[in-house]
Every structure is written in structure tokens, then in C-alpha cells.
Amino acid sequence: MKIAKIEAKYLLVSVQIPVRDKPMESGALLVTIETDTGIRGVGMAREHDRYCLAVREQLEHNIIPFIMSKDPLSPEHLWNEAAWDLSRGDYRVPSGAVSRAISAVDQALWDIRGQAYGQPVYRLLGGSSRDEIDIYMTFGLNIYTPEEEAEAARRLLAQGHTVFKLQGLAADRGKNVSHDVARVKALRETVGDSAKIILDGRNEYDLYHAKEVARRIEPYDVAYFDEPMLAKDPQAMVELRRSCPRVPIAARGFGGNIRSNRDLIAQGAVDIMGSSVMDGGGFTQSIKVAHMAEMYQLQLVTGGGWHSQNAHLIAAVNNGWMTEHHAIAALMCDQLFVDTIKPLKGKLRLSDKPGLGLQLNEAAVREATERGRAAERSGLK
């Protein structure tokens with residue numbers, strides 16, 4: 001079996017914002033790989049707009065020519081060969097746009113591998129004997145008024161969901177913490193004492209202000225403070241954990257590789273290990289991070305949305321805890337794929353279909369591709 005065709009398409013998808021029922025456009029990069037036997041695998045890069053195009057450039061000019069005609073059933077070999085060829089030995093290169101490009105290709109290769117062997121990806125990765133995993137609902141997206149945010153939480157609570165995540169605004173470039181603290185307080189009042197709350201700092205606070213956030217949200221019993229620090233600095237995060245021991249900290253590595261994740265784990269910078277096959281090197285690298293975290297008795301969660309991909313990682317490992325169900329990414333997934341898996345009362349039941357279990361909605365992909373091309377012609381924001 002050989003790789004016969006690879007395409008990378010910038011998609012602009014129109015989705016209806018929950019509660020507001022108002023359309024908004026969100027972008028993503030779709031990578032498809034076809035073999036000479038007719039199997040097609042899919043991968044996604046979650047970044048949008050100009051950054052998404054940078055990922056496509058890496059794919060079209062560097063990665064696609066390198067892996068064309070190679071064996072798709074050896075993702076470990078291809079990952080290392082591609083990373084080395086691109087970096088020429090410089091460990092800093094396979095990060096950023098390059099990591100996202102490699103991650104999208106790696107997802108598609110594992111999808112092909114699963115289809116070739118007739119098994120879901122999570123079973124090929126190890127399979128922890130679970131086809132149902134816990135999820136958390138990322139619903140607070142900095143687009144709502146306080147009243148709308150409360151209504152969005154109430155709707156999810158009524159559906160039986162029990163873990164809620166707010167994307168922090170980090171107002172005034174992270175110097176004004178009061179806005180996000182008030183949102184955590186309001187959410188606790190809305191969902192009650194038994195629900196879990198996560199605050200996503202989106203890597204936008206410095207150490208001083210991250211400490212202030214942690215100290216002020218401590219009374220609201222947050223499950224963890226996710227991605228709190230600028231640059232994901234392990235040394236600074238160790239200090240954050242030391243100063244606020246009752247607020248658990250989660251993050252994933254800065255460089256999109258196993259080494260940056262190793263530094264977070266080994267230095268004791270996190271209470272919970274984060275991961276994402278969207279930007280962490282795909283499944284090939286993320287499974288190594290998961291096992292590394294298990295050696296340090298750390299639970300694993302995923303971020304970055306796109307639960308249809310990331311759920312396979314959580315279901316594969318013994319220390320897998322939760323995967324993220326991101327409101328916008330989930331709506332995009334439901335449009336781009338047919339018969340997608342849906343959350344039910346805080347759980348996500350994975351399909352036993354081979355590979356990633358995803359079938360493209362060809363009409364929706366064509367429409368989103370045309371919308372993306374139109375946006376490129378007019379100039380992306």
C-alpha cells in the first residue's frame with residue numbers, strides 16, 4: 001500500500017452560535033490522504049485564517065512532497081522521517097505551523113491504518129477497554145453577555161452535563177483578572193456545587209496575574225486552571241502551583257513535541273497533563289505523552305476541541321480522563337462529517353467503526369471550500 005494523493009483544503013464553515021442562534025464563520029484545515037488501494041484518511045488542523053494558511057503552506061511545499069508514495073501504515077517512521085527532513089536536526093523547527101501540519105497528516109495516517117486493519121484508532125493505540133469516556137463542555141467562548149452565558153450553562157445542565165469550561169478573556173492583555181473571576185463565580189452560582197468548572201487561561205497570563213486569578217477563583221472549587229501561563233514556562237508554573245496549591249493546574253507542551261511535554265511533567269509544573277492530537281504531533285506523539293504522564297501518576301485531558309479525533313487518545317490510555325467538547329468545533333464537525341458521535345449526559349460513546357469512524361459530508365466540504373477560497377481572495381482578517 002502506498003500514498004497516492006494528498007489534499008489540504010482551507011474550509012470556512014458557517015455555524016449557528018448556541019443561545020444566540022446567530023451564524024458565525026469559523027475556519028479549519030482539512031487534510032485527506034488517499035492510498036493506491038482506495039482508502040482515504042482524514043486529518044484536521046484547528047487553527048484558522050492566516051495561521052491556517054501557514055499550515056497549508058508547510059504541507060504543500062514540504063510535507064506532502066516528502067511522504068508521497070510512501071507506506072501509510074508506518075506513521076511512527078513517517079513522523080520521525082518528516083520531522084528530521086524538515087528540521088535538519090534543529091529540534092526547534094517541528095513546532096508551531098510545522099507541528100500542526102504534521103499532526104493533521106498523522107491523524108489521517110492513523111485513520112488509514114485503522115481502516116486497513118478493521119479497528120478503531122483507539123483500539124490500535126492500546127485500547128483501555130472503554131468505548132465511553134467523560135467529556136467537558138467548553139461553552140463560555142467570550143462571545144456572550146453574562147445573561148447569555150448563564151443561559152448556555154443552564155441548557156447544558158438540563159441535558160445532564162456536569163463539567164463546564166470557560167475560555168478566559170484575560171482582559172487588558174491579562175492584567176485585568178476581575179472579568180474572568182466574575183464569570184467563574186457566576187457559573188458556580190448557575191450550575192450549583194456538584195458540577196465541575198474549568199477556567200482556560202489560554203496562555204495569556206503572566207505569573208503575577210495567574211497567581212491572582214488562582215487565588216481569587218479558589219473559593220469556587222474549580223476542577224483545574226487550564227493553560228494559565230504565557231509561553232507555558234515550566235519554572236513559572238512550578239511557582240504558580242507552589243503558591244496556589246488548592247487550584248490544580250493543567251497544560252500541554254509549548255513546542256508540540258514530546259520534549260516540551262516532558263519538561264512540564266518532570267519539573268512538576270502540572271497536576272493534570274493536557275494533550276491534543278491537533279497540535280501535539282498527532283497520535284504518534286500524543287500517545288507517548290500520555291504514557292509519560294502515567295508514569296508520574298498524572299491524569300490526561302485533551303483540549304483544542306475536535307472531540308471526534310481527540311477522544312480516541314483518551315479512550316486508548318489508562319490515565320485518560322476527559323476530552324473537550326468545544327461548542328464551535330463540535331458544530332463544525334457535525335457539518336463536515338456524516339453521523340458524528342454526540343455527547344450524552346456528560347459521556348461520549350465512541351463508534352466501533354474502523355479508523356476514526358469519520359465520513360466526510362462531501363457537499364458541506366465543497367461549500368466550505370468555496371467559502372474559504374472566497375475569503376482568501378478578499379483577504380483574510
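## Terms and model

Helices (H or I, at least four residues) and strands (E, at least two) are DSSP runs, numbered from the N terminus. S308 is found in one of these, helix α12, which covers residues 307-316.

This is a predicted model, in which local features need pLDDT of at least 70, side-chain atom pairs count only at pLDDT 80 or more, and totals for chains, interfaces and linings use all residues. Residues are numbered from 1 along each chain as its sequence is written, and side-chain values use heavy atoms, with hydrogens and water left out.

## Overall build

The protein has 14 helices and 15 strands. Its radius of gyration is 20 Å, close to the 21 Å that the globule rule gives for 381 residues, so the protein is as compact as a globular protein of that length. The radius is taken over C-alpha atoms, and the rule is 2.2 Å times the number of residues to the power 0.38. Along the principal axes, the C-alpha atoms fill a box of roughly 60 × 45 × 45 Å.

Buried means under 20% relative accessible area, exposed over 50%, and partly exposed in between (1.4 Å probe, protein chains only). Of the 381 residues, 56% count as buried. A contact means heavy atoms within 4.5 Å. Among contacts with a separation of 6 or more, 71% come from residues 24 or more positions apart.

## Surface and charge

The protein exposes about 16100 Å². Carbon and sulfur atoms supply 48% of that area. Accessible areas come from the Shrake-Rupley method with a 1.4 Å probe; for residues, only the protein chains shown count as cover.

There are 47 positive and 49 negative charges, and their mean positions are 1 Å apart. Lys and Arg count as positive, Asp and Glu as negative; His and the chain ends are not counted. Each charge is placed at NZ of Lys, CZ of Arg, CG of Asp or CD of Glu.

## Cysteines

The structure holds 0 disulfides. A disulfide here is a pair of cysteine sulfur atoms within 2.5 Å. For C333, the closest cysteine sulfur is in C52, 16 Å away, too far for a bond. C333 is buried, at 1% relative accessible area. C244 is also buried, at 6%.

## Around S308

S308 of helix α12 is buried, with a relative accessible area of 2%. Beyond its neighbours within four places in sequence, S308 is in contact with C333, I341, L356 and L358.

Helix α8 spans residues 207-217. Its buried residues are H209, A210, E212, V213, A214 and I217. An α-helix has 3.6 residues a turn, so residues three or four places apart point the same way.

R183 lies in α7. It is buried, with a relative accessible area of 9%. R183 and I217 are 34 residues apart in sequence, yet their C-alpha atoms are 9.8 Å apart. Leaving aside neighbours within four places, R183 is in contact with G140, L141, N142, E149, L166, Q167, G168 and L169. E189 also lies in α7, but E189 is exposed, at 56% relative accessibility. The C-alpha atoms of E189 and A150, 39 residues apart along the chain, are separated by 9.3 Å.

## Loops with positive phi

Most residues other than glycine have a negative phi, and most peptide bonds are trans. N142 has a phi near 60 degrees, a positive value in a residue other than glycine. N142 sits in the loop between β4 (132-140) and α5 (146-158). It is partly exposed, at 26% relative accessible area. N142 is also one of the contacts of R183.

D221 has a phi near 55 degrees, again positive in a residue other than glycine. Its place is in the loop between α8 and β7. D221 is exposed, with a relative accessible area of 55%.

## Helix α1

E57 lies in helix α1, residues 49-67. This residue is partly exposed, at 37% relative accessible area. E57 and A368 are 311 residues apart along the chain, and their C-alpha atoms are separated by 19 Å.
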